[in-house]
Number of protein chains: 2
Amino acid sequence: MAIRQKVLVADSDREFCDFLSDLLSECGYEVLHAATGEEATHMASSHCPELMLMERILPDIEGIKVIQSVREWSLLPILVLSEPSEEQVVAELLDSGADDYIVKPVRPLELLARIRAAIRHTRTVSGDLQFANTGKIVIGHLTVDFEKYRVYVDETDVGLTQNEFRMVGLLARYNGKVLTYERVMQELWGPNAGDDNQILRVNMTNIRKKIEDDALQPKYLFTEAGVGYRMVSREEAAQWK
Amino acid sequence: MAIRQKVLVADSDREFCDFLSDLLSECGYEVLHAATGEEATHMASSHCPELMLMERILPDIEGIKVIQSVREWSLLPILVLSEPSEEQVVAELLDSGADDYIVKPVRPLELLARIRAAIRHTRTVSGDLQFANTGKIVIGHLTVDFEKYRVYVDETDVGLTQNEFRMVGLLARYNGKVLTYERVMQELWGPNAGDDNQILRVNMTNIRKKIEDDALQPKYLFTEAGVGYRMVSREEAAQWK
DNA sequence: ACTTTTCTTAACGGAATCTTAACGGAACAC
DNA sequence: GTGTTCCGTTAAGATTCCGTTAAGAAAAGT
């Protein structure tokens with residue numbers, strides 16, 4: 001069963017909560033329910049939901065207080081669902097950290113779209129606009145960081161050049177598979193690359209100097225005679241210890 | 001020489017535009033105006049505004065088309081201001097990349113708060129609390145204030161120009177990640193930016209002069225050879241002292 | 001209209017990087 | 001043994017890249 005995103009609903013109106021529960025669970029969210037402000041504050045910290053929906057006025061505490069206290073430690077999206085109210089009130093809520101103010105009666109499709117938009121904002125780690133190569137690959141003592149464009153051995157930057165990094169990155173992504181010289185050439189020098197792989201040998205020498213203890217007995221970068229290069233897979237490396 | 005954030009307003013209703021212009025410029029925004037969808041698309045890419053407000057229906061193109069075409073290259077916040085409409089329509093707009101849908105007649109205080117919320121979202125990189133509400137990013141002795149549009153070193157304004165600020169702001173938001181030259185060019189000069197990054201080098205020199213003690217050994221702004229620039233992450237900076 | 005600031009482009013020097021050539025050893029075939 | 005091929009290594013020349021300065025154009029302020 002797929003892992004579902006948790007949504008915390010804070011509202012004292014039992015009927016409305018049930019309505020939201022049905023709507024949200026149908027869309028694959030796991031719904032938690034809090035009837036009071038205190039409960040909401042507590043559950044937010046204990047369950048760490050992906051998103052929070054709340055009434056502006058709760059039986060015990062003003063919703064704005066809940067927002068403020070959650071915002072002391074978390075940026076999870078908070079959408080306020082409530083009756084129409086003075087614009088000052090709405091502005092205050094937003095400025096306190098609410099991400100949206102939605103007027104009741106709620107329109108289901110719009111609510112769901114606003115939820116998606118709010119979640120999207122937290123993901124918008126400012127720009128997956130184009131990069132598929134995010135994150136890091138860790139292989140033994142080696143870390144290939146595609147965000148910093150760097151390679152580390154035990155936390156220390158080994159200072160690869162641009163082409164060196166591209167070569168290591170390429171091999172690392174293929175996780176133990178062999179890449180032919182031709183393939184590497186094309187990846188790095190484009191479709192018009194020559195067929196002299198002298199340049200690869202030079203790069204490989206320089207890379208090994210930087211990341212291998214002993215270039216004669218490499219731990220990470222292997223030559224497959226007559227074929228190409230490969231890097232140890234993460235699984236192999238994980239068993240080293 | 002006040003440095004102001006640019007807001008692009010796309011609406012064919014002259015009177016409403018004037019109303020927004022007055023409201024926004026009073027709050028320190030610089031207002032640009034587009035009467036048609038084509039104009040809006042074009043101005044977005046040529047002026048690179050910080051934020052965009054638009055009517056759902058423009059004389060020539062559907063607003064949603066404008067959103068889609070802007071979203072191909074930028075994540076700038078887009079708020080749709082329009083008449084009440086079917087929830088499906090609202091949902092579609094939000095799913096296409098709009099950040100909010102605000103019903104006319106607009107309530108000024110609420111609009112401004114929603115604008116602040118939208119701008120706040122663009123900076124919410126990788127869950128960092130500090131600026132949930134404040135609108136500032138603090139990195140070591142450096143403070144990047146997105147509301148005043150200024151950068152301070154130890155409380156004193158270093159007087160960055162507009163482009164300089166945008167560059168620093170962009171890098172600061174990415175919190176330690178490398179931004180390629182190409183990406184920075186696009187963010188600052190739009191999708192039609194040339195591929196000569198000479199302009200970036202000049203800006204970087206000038207910025208470093210203003211915020212670094214020693215431009216040869218920068219503490220904040222690093223060059224990743226052959227790739228782009230990056231700014232120290234707040235986590236790294238927090239460990240300095 | 002004038003001054004000042006900001007933006008953009010060009011030119012240059014030094015450093016880092018890329019590329020090519022040359023050499024040497026290992027493996028293999030004959 | 002000899003020759004050949006393949007791969008690693010080194011070094012040197014060529015090239016690219018980056019920072020810097022300066023000057024003219026454009027924009028903003030007075």
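This is a predicted model: local features need pLDDT of at least 70, side-chain atom pairs count only at pLDDT 80 or more; totals for chains, interfaces and linings use all residues.
Local features need pLDDT of at least 70 and side-chain atom pairs pLDDT 80 or more, while totals for chains, interfaces and linings use all residues. Residues are numbered from 1 along each chain as its sequence is written, and chains are lettered from A and ligands numbered from 1 in the order in which they are written.

Start with chain A. It is divided into domain 1 (6–123) and domain 2 (136–238); such bounds come from an automatic or database domain assignment. The centres of these two domains, taken over C-alpha atoms, are 48 Å apart.

Next, the contact between the protein chains. Chain A gives 32 residues and chain B gives 33, with contact meaning C-beta atoms, placed from the backbone, within 7 Å. On the side of chain A that touches chain B, the elements giving two or more residues are α4 (87–96) and α5 (108–123) of chain A. Helices are DSSP runs of H or I with at least four residues, strands are runs of E with at least two, and both are numbered from the N terminus. The largest share, nine residues, comes from α5(A). By class, this side of chain A has 12 nonpolar, 10 polar and 10 charged residues. Here Ala, Val, Leu, Ile, Met, Phe, Trp, Tyr, Cys and Pro count as nonpolar, Asp, Glu, Lys and Arg as charged, and the others, Gly among them, as polar.

In chain A, A:Pro105 lies in the loop between β5 (100–103) and α5. The peptide bond from A:Lys104 to A:Pro105 is cis, with omega near 0 degrees. In chain B, B:Pro105 sits in the loop between β5 (100–103) and α5 (108–122). A cis bond joins B:Lys104 and B:Pro105, with omega about 0 degrees.

The largest nonpolar core has 70 residues. A core is a set of buried Ala, Val, Leu, Ile, Met, Phe, Trp, Tyr and Cys residues joined through C-beta atoms within 7 Å. Buried means 20 or more other C-beta atoms within 10 Å of a residue's own, exposed means 12 or fewer, and partly exposed is in between; C-beta atoms are placed from the backbone. Among the members that touch the most others are A:Met52 and B:Met52. Leaving out residues up to four places away in sequence, A:Met52 touches A:Leu8, A:Ala10, A:Ala44, A:Leu76, A:Pro77 and A:Ile78. A second, separate core of 48 residues includes A:Val144, A:Val151, B:Tyr181 and B:Met231.

A:Tyr149, in the loop between β7 (142–145) and β8 (150–153), has a positive phi of about 55 degrees although it is not a glycine. A:Tyr149 counts as buried because it has 22 C-beta neighbours inside 10 Å. A:Glu155, between β8 and β9 (156–157), has a positive phi of about 75 degrees, also without being a glycine. A:Glu155 has 7 such neighbours inside 10 Å, so it counts as exposed.

The elements giving two or more residues are α8 (198–211) of chain A and α9 (198–211) of chain B.

Key: Two residues are in contact if their C-beta atoms, placed from the backbone, lie within 7 Å.
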